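Please read these notes alongside the sequence and the model.

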Amino acid sequence: MAESLPEHDRILQEIESTDTACVGPTLRSVYDDQPNAHQRFMEKLDACIRNHDREIEKMCNFHHQGFVDAITELLKVRADAEKLKVQVTDTNRRLQDAGKEVIAQTEEIIRCRVQQRNITTVVEKLQLCLPVLEMYSKLKEQMNVKRYYSALKTMEQLENLYLPRVSQYRFCQIMIENLPKLREEIKEISMSDLKDFLESIRKHSDRIGETAMKQAQQQKTFSTTLQKQNNLNYGRNMHLGRSRILESKNEITLKRTFEDDDEHEEEVLTAQDLVDFSPVYRCLHIYSVLGDGEIFENYYRKQRRKQARLVLQPQSSMHETVEGYRRYFSQIVGFFVVEDHILHVTQGLVTRTYTDELWNMALSKIIAVLRTHSSYCSDPDLVLELKNLIVVFADTLQGYGFPVNRLFDLLFEIRDQYNETLLKKWSGLFRDIFEADNYSPIPIANEEEYKIVISKFPFQDPELDKQSFPKKLPMSQSVPQIYIQVKEFIYASLKFSESLHRSSTEIDDMLRKSTNLLLTRTLSSCLQNLIKKPHIGLTELVQIIINTTHLEQACKYLEDFISNITNISQVSVHTARLYGLSTFKDARHAAEGEIYTKLNQKIDEFIQIADYDWTMSESDGRASGYLMDLINFLRSTFQVFTHLPGKVAQTACMSACQHLSTSLMQMLLDSELKQISMGAIQQFNLDVIQCELFASSEPVPGFQGDTLQLAFIDLRQGALCYWWYCYMDMRLNFGPDDFVKILWFFPLQIMFLTCLRHLLFYFSRMKDSSKKNNIFAQFRKNDRDKQKLIETVVKQLRSLVNGMSQHT
């Protein structure tokens, strides 16, 4: 009990000293204590309240008198206070009346101040917005004048610098919403300009290429002229006196050349002059600013690849004219000149790797196109123009840094085709020359005509020079013409070898190879065809042989001619030789063979008109008419052979005699010949004697001894054997004594002695064989008669051989 009292005092003290908000926890502690604590706390609280009431009563009693005195004082001043109130009210009324105007002016001042403050605020805001509006206005103006790259820069400033300052305004939001649209509009406009640019360069690529090719050609001409001038200046130091005049002339020429080049430079436009590249620059900058540079690069390259494919696609009729090739090359050059310009003036739009890849693709296509279309070219002039265009094309692109070695390799392929077209052209020229030739020696009336011929063809003959005019050169008109055409062919072949960046040795080798082809294939073929033509007679063939001999001798002059052109000595290890020697030898051999053939054909024609009466009783006493005509023909023909080499004429004569002998022998061996009379034998013998007389008259000089007469020995032996066979077969209408007489018709007994001995040996063997094998031959009359006949012939042959041996 005693312990709980101090606790209640403490609680009461907390209640009195703390805020009312904290009374709750304090009162809760009263209920949390021991039982009946609440009753005791209430009692303690009542005691405390009573103590406070007593203190309040004591304090009121102490201050009561002062309160009364204060009330009394207030009552005294009440009247004064009312007066004062009246005065204050009146004063306030009068003050209010007096302050109405001030209040009105003050309100006006306040309103003006508010307006001024608002104006100041507006001015500040406008000053903040004006740069934005000015920039936006500038943006619109740049869009109107198509300064899109500047417009993008202005947009960038608006977004990053100006618009964030006034982002709270509605017009700013409108601007922010319009900027992406303007960017897209700029992209579309710039892309449209790029497409117009691509279309423009596609249309102007041929002009650009033509301009670039002209510039490259002028530069090459200038360099060549300058090099020649330097060479002349070098030669002037060695021949100073003579070259002073040349120097002045060359200086004038060079000056004119430079002036012409200057005029051309003023006239010739560059790629930048022909095409406005600003759209591609602008589009590149715009896409770069917009962060789409890679998209633009891919689009540009894709479109240019498509244009490259179109440019590389040739026209179907391109091979027909040189203009077709020129336009094709100009377009390609123009395309790559533009790409080279883009490569050097832009960064990253095209790269060297990209241009090299594009060029390699284009080069493969170009080579394939040129191979295909050049194969259709049959005109050498067109092929030469094509070569010159390829050289200018290659030099132009090489000047821009593109590799062109494959083009020069292609030129070597086209060179072979050019040579083929030249060979075809010269084949026609050779045919025309051969057709127009009269195949007779060239008549020379005076020295002037002689000099003209000598200037065209290197002919030398000291014996002919000693003769007086008029005289004749051994060759015909075709020889100098062929020689001139071969030189023209060399010049034509040289034209293709120029500007190929090859050494003199290589050019010399090319000229010699092409000339060899001309000689061994074209000229040889023309000669072979000429020789085999039916209208070419023996006289023409003889002249052809003479012509080929002189052309063969002129080959060394052609070699000198090529060496003088290329400045390559013939003693060089790498110098090829002309094959004219074998060409003309083959032609001569063919002509000789044709002479032999035509002679034999002519002999056959005479033999065909022979009309022997094999049953005639007596001969005419002279040779047959057809044979005399044939021999006269052979004599006149062999007189023409005097200009031929000796062996050719001898071979032709021997061949003719052998063919005549064979043909006469064939007449005897004709299966239709059933019977022959003694008169026919005598007539045939007269013809054979006439042939032998012709052979012994030496129609062609140079035969040794009786060489030519031996051509008819087979005819003698064969006729003898044949007549003996006929006699044995009862085809001769005379007896054994007549057969023996036949032998004395032959003036060359010695030549037939060997034949008779062989016949004797043959019939002796036949006799022995008949005795051994034919046991029953004695019972058949025909066999007995035949056996007796054989024995008689053997006896007669033995006596004849013995008699001829003694006579010989």
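**Notes on the model**

1. Gln543 sits in helix α19, residues 538–553; helices are DSSP runs of H or I, at least four residues, numbered from the N terminus. This is a predicted model, where local features need pLDDT of at least 70, side-chain atom pairs count only at pLDDT 80 or more, and totals for chains, interfaces and linings use all residues. Residues are numbered from 1 along each chain as its sequence is written, and side-chain values use heavy atoms, with hydrogens and water left out.

2. Gln543 is buried, at a relative accessible area of 5% (buried is under 20%, exposed over 50%, partly exposed in between; 1.4 Å probe, protein chains only). Beyond its neighbours within four places in sequence, Gln543 is in contact (heavy atoms within 4.5 Å) with Tyr439, Ser440, Pro441, Pro474, Met475 and Ser476.

3. The largest nonpolar core has 162 residues, of which Phe329, Trp359, Ile366, Ile595 and Leu599 touch the most other members. Such a core is a set of buried Ala, Val, Leu, Ile, Met, Phe, Trp, Tyr and Cys residues joined through side-chain atoms within 4.5 Å. Helix α14 (residues 405–436) gives the most to this core, 13 residues. Another core, of 21 residues, lies apart from it and includes Leu158, Val166, Ile286 and Leu290.

4. Leu599, neighbours within four places in sequence aside, is in contact with residues including Leu538, Phe633, Phe641 and Ala656.

5. In helix α10, the buried residues are Gly293, Phe296, Tyr300, Arg301, Arg304, Gln307, Ala308, Val311 and Leu312. The face turned away from the buried side of α10 carries the exposed residues Glu294, Ile295, Arg309 and Leu310.

How values were computed. Helix = DSSP H or I, 4+ residues; strand = E, 2+ residues; numbered from the N terminus.
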